[in-house]
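Hi everyone, thanks for coming.

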Amino acid sequence: MVVRKIIKIDEEKCNGCGLCVDACAEGAIKIIEGKARLVSESYCDGLGACIGKCPQGAITIEEREADSFDEHKAKEWVAQQLTIQKSGTGFQTPETRNNGQLPCGCPGTNVQILTPTTTSESEQGDVALSSLGNWPVQLRLVPSNAPYFQGANVLLAADCVPFAYSAFHRKMLHGKVLIIGCPKLDDAPYYIEKLTEILAYSDIKSLTVARMEVPCCSGLTRIAQMAVAASGKEIPIKEIIISIRGEEINS
């Protein structure tokens, strides 16, 4: 035991969002019973990379007596967790590392590969068919290493596009993995970082950006371009612009 700097988590403030788990390269934090908790003192280097990712301000650095940081053990722990994540069964995401339990008890972020509806339109009458093949779809919630990204054609759509464009499922989403976000209301730097991780981890074939015609929405295309550049890969980007009246302006 030595006196050193180490993280302190205020469980009263923590809402179990799991962002700190991804931020910790040493794997020192897990979501346990809906709260972020230190797995082992020896995994925490005390540098506090997780602090800036906590939206609740629940993580601070304190100086106290603790086990020494063991870089070797931390690397072994991370490697073990990656092996679990990459296994075909029991796939885990940053949101499901607590023995398959989700933070806040919410099942809505469970990684799922969906089977798009194949029933013919004639049998469904006027009911529109869903082409959604993955869940979750929010860029903030999508795990960077989700299995459905491997070999995929990805559609990065602005939040408003599915509402404005009536043929979204039939003409735009079919055969693609969907991610959605808003470049104006959300955290663009975080989006760039998160999308870069997704592109770097998976063998993505193409990236289509679907955005609205309003100027602020062009930021989504810039986010995609910066992420592709940062990933170091050559991934073709296609931009589709939708007017506020729901018309396709260019593609």
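Predicted model: local features only at pLDDT ≥ 70, side-chain atom pairs only at ≥ 80, totals over all residues.

How many helices and strands does the protein chain have? The secondary structure comes to seven helices and eleven strands. Now look at contacts between residues with a separation of 6 or more: 67% of those in the protein chain are accounted for by residues 24 or more positions apart.

Next, the core. The largest nonpolar core holds 44 residues, and the ones with the most contacts inside it are F149, V161, F168, M172, L178 and L195. Several elements each supply at least two residues of this core: β7 (153-158), α5 (168-173), β8 (177-181), α6, β9 (206-212), α7 and β10 (237-242). Which of the elements gives the largest share of this core? That is α6, with six residues. As background, nonpolar side chains in soluble globular proteins tend to be buried together.

Let's zoom in on L195, one of the residues with the most contacts inside the largest core. Setting aside neighbours within four places in sequence, L195 is in contact with L156, I179, L207, I223, A224 and A227. There is also a second, separate core of 21 residues, with I9, I29, I59 and W77 among them.

Now for a pair of helices. Helix α6 covers residues 188-201, and it packs with α7 at an angle of about 45°, the two axes being 8 Å apart. Are α6 and α7 parallel or oblique to each other? Angles under 35 degrees would count as roughly parallel and 65 to 115 as roughly perpendicular, so with an angle of about 45° the two helices are oblique to each other. Their crossing is right-handed. On the α6 side, the contact is made by A188, Y191, I192, L195, T196, L199 and A200, and on the α7 side by I223, A224, M226, A227, V228, A230 and S231. By type, the residues of this contact divide into twelve nonpolar, two polar and no charged.

While we're on α7, have a look at T221, which sits in this helix, residues 219-231. Is T221 buried or exposed? Its relative accessible area is 8%, and buried means under 20%, so T221 is buried. Apart from neighbours within four places in sequence, T221 is in contact with V209, R211 and E239.

P162 lies in helix α4, residues 161-164, and is partly exposed, with a relative accessible area of 33%. P162 and M172 are ten residues apart along the chain, and their C-alpha atoms are separated by 9.4 Å.

Then there is L129, in the loop between α3 (121-124) and β6. At 22% relative accessibility, L129 counts as partly exposed. L129 and P116 are 13 residues apart in sequence, and C-alpha to C-alpha they are 8.2 Å apart in space.

Last stop: the peptide bond from W135 to P136. Is that bond cis or trans? The bond is cis, with omega near 5°. P136 itself lies in the loop between β6 (134-135) and β7.

Definitions and conventions. Residues numbered from 1 in each chain as written. Heavy atoms only, no water. Helix = DSSP H or I, 4+ residues; strand = E, 2+ residues; numbered from the N terminus. Buried < 20%, exposed > 50% of the residue type's maximum accessible area, 1.4 Å probe, protein only. Contact = heavy atoms within 4.5 Å. Axes fitted to C-alpha atoms, helices over the stretch in contact; angles between N-to-C directions. Parallel < 35°, antiparallel > 145°, perpendicular 65-115°, else oblique. Left-handed = near helix turned anticlockwise from the far one by under 90°. Nonpolar A, V, L, I, M, F, W, Y, C, P; charged D, E, K, R; others polar. Core = buried A, V, L, I, M, F, W, Y, C linked by side-chain atoms within 4.5 Å.
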